[in-house]
Amino acid sequence: MAEKTVFQRIIDREIPAEIVYEDAECIAFKDIRPQAPFHVLVVPKRVIPTLNDLSDADAQTIGHLFVAMRTIAAEQGLTGGYRVVVNCGPDAGQEVMHVHFHMVAGRKFGWPPG
Ligand code: AMP
């Protein structure tokens with residue numbers, strides 16, 4: 001069996017995380033190396049390694065993550081807005097091979113991104 005991703009281990013409660021939201025399909029927890037005052041990772045419970053591994057059957061799950069982020073933003077009081085980032089592959093700097101959305105807030109973000 002393939003080794004579990006660090007995010008799967010958080011989902012399975014094998015390692016700790018500061019969980020801010022969870023439902024049947026996804027979990028959201030604070031990034032261990034925050035890049036903004038608010039930095040949460042929103043992760044589907046089903047392991048999909050990268051965006052390039054998505055199938056048509058995953059469309060509902062990915063849509064669900066955006067709805068979850070709307071809920072998280074409301075619950076966490078992100079009234080000034082937030083940015084959602086997905087890194088896919090080595091050029092984007094993806095480290096964890098388990099699809100995740102970075103939700104960052106609490107400061108101004110530049111454009112274009114670095
Ligand atoms: P990425 O580069 O898009 O794959 O992002 C992976 C993110 O996971 C990084 O921002 C890390 O800081 C974060 N990370 C890695 N291990 C943990 C962990 N145990 N708990 C919370 N965040 C983590």
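**Entry 1: helix H2 and its cover**

I looked up what covers the buried residues of H2, and the list includes strand E1 (19–22), strand E2 (26–30), strand E3 (38–44), strand E4 (83–85) and strand E5 (101–105). I took contact to mean heavy atoms within 4.5 Å. I took helices (H or I, at least four residues) and strands (E, at least two) as DSSP runs, numbered from the N terminus. The buried residues of H2 are Thr61, Ile62, Leu65, Ala68, Met69, Thr71, Ile72 and Ala73. Buried stands for under 20% relative accessible area, exposed for over 50%, and partly exposed for what is in between (1.4 Å probe, protein chains only).

I noted that H2 comprises residues 59–76, 18 residues. From its first C-alpha to its last, H2 reaches 26 Å, close to the 26 Å expected at 1.5 Å a residue; the expected span is 1.5 Å times one less than the number of residues. After H2 comes glycine 77, with a positive phi near 70°.

**Entry 2: basis of the model**

The model is a predicted one, in which local features need pLDDT of at least 70, side-chain atom pairs count only at pLDDT 80 or more, and totals for chains, interfaces and linings use all residues. Residues are numbered from 1 along each chain as its sequence is written, and side-chain values use heavy atoms, with hydrogens and water left out.

**Entry 3: the whole protein**

I found 2 helices and 5 strands, running α-β-β-β-α-β-β from the N terminus on. The radius of gyration is 14 Å, close to the 13 Å of the globule rule for 114 residues, so the protein is as compact as a globular protein of that length. That radius is taken over C-alpha atoms, and the rule is 2.2 Å times the number of residues to the power 0.38. Along its principal axes, the C-alpha trace spans about 40 × 30 × 30 Å.

Of the 114 residues, 39% are buried. Among contacts with a separation of 6 or more, 55% are accounted for by residues 24 or more positions apart.

**Entry 4: backbone details**

Which phi does arginine 13 have? I read a positive value of about 60°, although arginine 13 is not a glycine. Arginine 13 sits in the loop between helix H1 (6–11) and E1. I recorded it as partly exposed, because its relative accessibility is 48%.

I also looked at the peptide bond from tryptophan 111 to proline 112, which is cis, with omega near 5°. Proline 112 lies in the segment after E5.
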